[in-house]
Amino acid sequence: MPELPEVETTRRGIEPHLVGKRVKALHVRQPQLRWPVPPAIHQAEGRKLKALTRRGKYLLFHFSNGTIIAHLGMSGSMRIAAAGEPPLFHDHVDLKCSDGTLLRFCDPRRFGAWLWTDQDPARHPLLANLGPEPLTDAFNGDYLLARSRGRKSSVKSFIMDSQVVVGVGNIYANEALFLAGIHPKRAAGRISGARYDKLVAAIKTVLAASIEMGGTTLRDFVGGDGKPGYFRQTLRVYGRGGQPCRQCQTPLREIRLGQRATVFCKLCQT
DNA sequence: CCCTGAACCTGACCGC
DNA sequence: TGCGGTCAGGTTCAGG
């Protein structure tokens, strides 16, 4: 489910239910996630949640004595559940507040993560080397141009590299490249500054629009407030291989690039 | 440093 | 209906 817009939708959905509340207990039913859930996670118990922020696709639960670093992986979701609601098979973690509020983490594929750090989370190994947030001014055409020089890999792999920029997953990489008119296989190091300006604008547009619409609902994604996202209806290329380009009617091509489905228009993207 | 492919895991779907 | 193969929104890690 989650790319950055889905994670941000989740954050916005659950934040008002949790911030300022005291954690009564963390129930870890299945500790075998992307990494084992460390016992230290229980240090959050008895503490008040100071803030719930996002860095890339990581959700950060800030407490006075440390931080929970959570990730939704490929299939994870978080929702506010009714007190007393029985957990389903893939509901691996519950965060229960002293007022009865219940945050429930479901993740069938278990690529998600729940970790604890008592250091500055920004220096945690998983976060320390992340690129800029895509919706900030630090992410601009000059930056991408500088980072891409000498790179032979495809521009699509390049913008999906979280050390370059966070939050651009497979759906939005496909969409942004279409909007910018850039062929996904083009070598990152041989793209002009003007085209990178355009690509950056496209990435910001696509991500912002999707956040605005509550994310892209594929399969069963729902935000923390239980509402589905509506961005799917506006997808230009993702999931549309073989169907006509919305600009020129040419059938869209679908290939695999770095083991990921890649869809583009051979006429509109060069 | 850069790049590629494998790995983690379950479930849905397709063709036989 | 069942079985095997393929694919899925992410990310780290090992190896060349």
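Domain 1 and domain 2 bury about 1200 Å² between them, and 67% of that is on carbon and sulfur atoms. Buried area here is the accessible area (1.4 Å probe) that two parts lose on being put together, summed over both. This is a predicted model, where local features need pLDDT of at least 70, side-chain atom pairs count only at pLDDT 80 or more, and totals for chains, interfaces and linings use all residues. Residues are numbered from 1 along each chain as its sequence is written.

**The two domains**
- Chain A splits into domain 1 (4-121) and domain 2 (141-264), with bounds from an automatic or database domain assignment.
- Their C-alpha centres sit 28 Å apart.
- Each side brings 15 residues to the contact, meaning heavy atoms within 4.5 Å.

**Who does the burying in domain 1**
- Pro5, Glu6 and Thr9 supply 41% of the area that domain 1 buries against domain 2, more than any other three residues.
- Helix 1 (4-18) gives 9 residues, the largest share of the domain 1 side.
- Strand 5 (77-81) also supplies at least two residues there; helices (H or I, at least four residues) and strands (E, at least two) are DSSP runs, numbered from the N terminus.

How values were computed: Chains are lettered from A and ligands numbered from 1 in the order in which they are written. Side-chain values use heavy atoms; hydrogens and water are left out.
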